[in-house]
Every structure is written in C-alpha cells, then in structure tokens.
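The sequence and structure are shown first.

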Amino acid sequence: MHLTQQNAETMDRLVAQGELFLKTCHVEYEKDPASRHAEFLRGNLAGWRSTLHTLYGDCAEEIVDRVLIKTCLAIQIGRAHV
C-alpha cells in the first residue's frame, strides 16, 4: 500500500498526532527523565508508531519521517528507543 492512495486529511491528522506525542515526550523528558509521566508519554509515542505499522506496514515510516522533519526532534528519547 502506498500512502499517496490514502486520504490526505487522515495522513495530516496522523502526522499532527505524532508531532504532539513527540514534542510532549521531549518536554517531559527535559523536566524529569525518570518520571512516570515521561514514561507514559514514551509509551503513547511507541503505541502510535506501532499502530501505524499495523495499519500501513512499511509505509508507516513515511508518516514517521514527516513527523521527524516537521519537529526536528529525534524519536530516541533518553534510554528508551521508541
């Protein structure tokens, strides 16, 4: 499946959701990397990415790449690699 065949509005919402998860993870990690809230947010990000892979297979990384480009942030946060 190629993402260009998908609804552009849906793809934009998935990217926006990923941006929110990634930015929030980074903010919370900066406050306290060992906090439960930071761990919870890393879990949300991991779940988002896992769901993308379930739905879109290898094409999911196109969505992830859009998030990385828009945020200029890494997905690897602290000791956890999401």
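Predicted model: local features only at pLDDT ≥ 70, side-chain atom pairs only at ≥ 80, totals over all residues.

## Surroundings of E28

Leaving aside residues up to four places away in sequence, E28 touches P33, H37, A38 and L41. E28 belongs to helix α1, which spans residues 8-31. With a relative accessibility of 14%, E28 counts as buried because the limit for that class is under 20%.

E28 also forms a salt bridge with K31, in which the closest N and O atoms are 3.2 Å apart. Both residues lie in helix α1, 3 residues apart, or about one turn of the helix. K31 counts as exposed at 61% relative accessibility.

## R42 and P33

R42 is located in helix α2 and is buried, at 5% relative accessibility. Its side chain reaches the backbone oxygen of P33 at 3.3 Å.

## Packing of α2 and α3

Helix α2 (residues 36-56) packs against helix α3 (residues 60-71) at an angle of about 145 degrees, and the axes are 8 Å apart. From α2, the contact involves W48, R49, L52, H53 and Y56; from α3, it involves A60, E61, I63, V64 and V67. By class, this contact comprises 7 nonpolar, 1 polar and 2 charged residues.

The structure contains 7 salt bridges. One of them joins R66 and D12, with an N to O distance of 2.8 Å; R66 of helix α3 and D12 of helix α1 are 54 residues apart. R66 is partly exposed at 34% relative accessibility, and D12 is partly exposed at 43%.

K70 pairs with E19 at 3.4 Å between the closest N and O atoms. K70 is exposed at 54%, whereas E19 is buried at 14%. E19, K23 and K70 are linked in a salt-bridge network.

Conventions:
Residues numbered from 1 in each chain as written. Heavy atoms only, no water. Axes fitted to C-alpha atoms, helices over the stretch in contact; angles between N-to-C directions. Helix = DSSP H or I, 4+ residues; strand = E, 2+ residues; numbered from the N terminus. Contact = heavy atoms within 4.5 Å. Nonpolar A, V, L, I, M, F, W, Y, C, P; charged D, E, K, R; others polar. Buried < 20%, exposed > 50% of the residue type's maximum accessible area, 1.4 Å probe, protein only. Polar contact = N/O pair within 3.5 Å; in protein donor to acceptor, adjacent residues only side chain to side chain. Salt bridge = Lys/Arg side-chain N within 4 Å of Asp/Glu carboxyl O.
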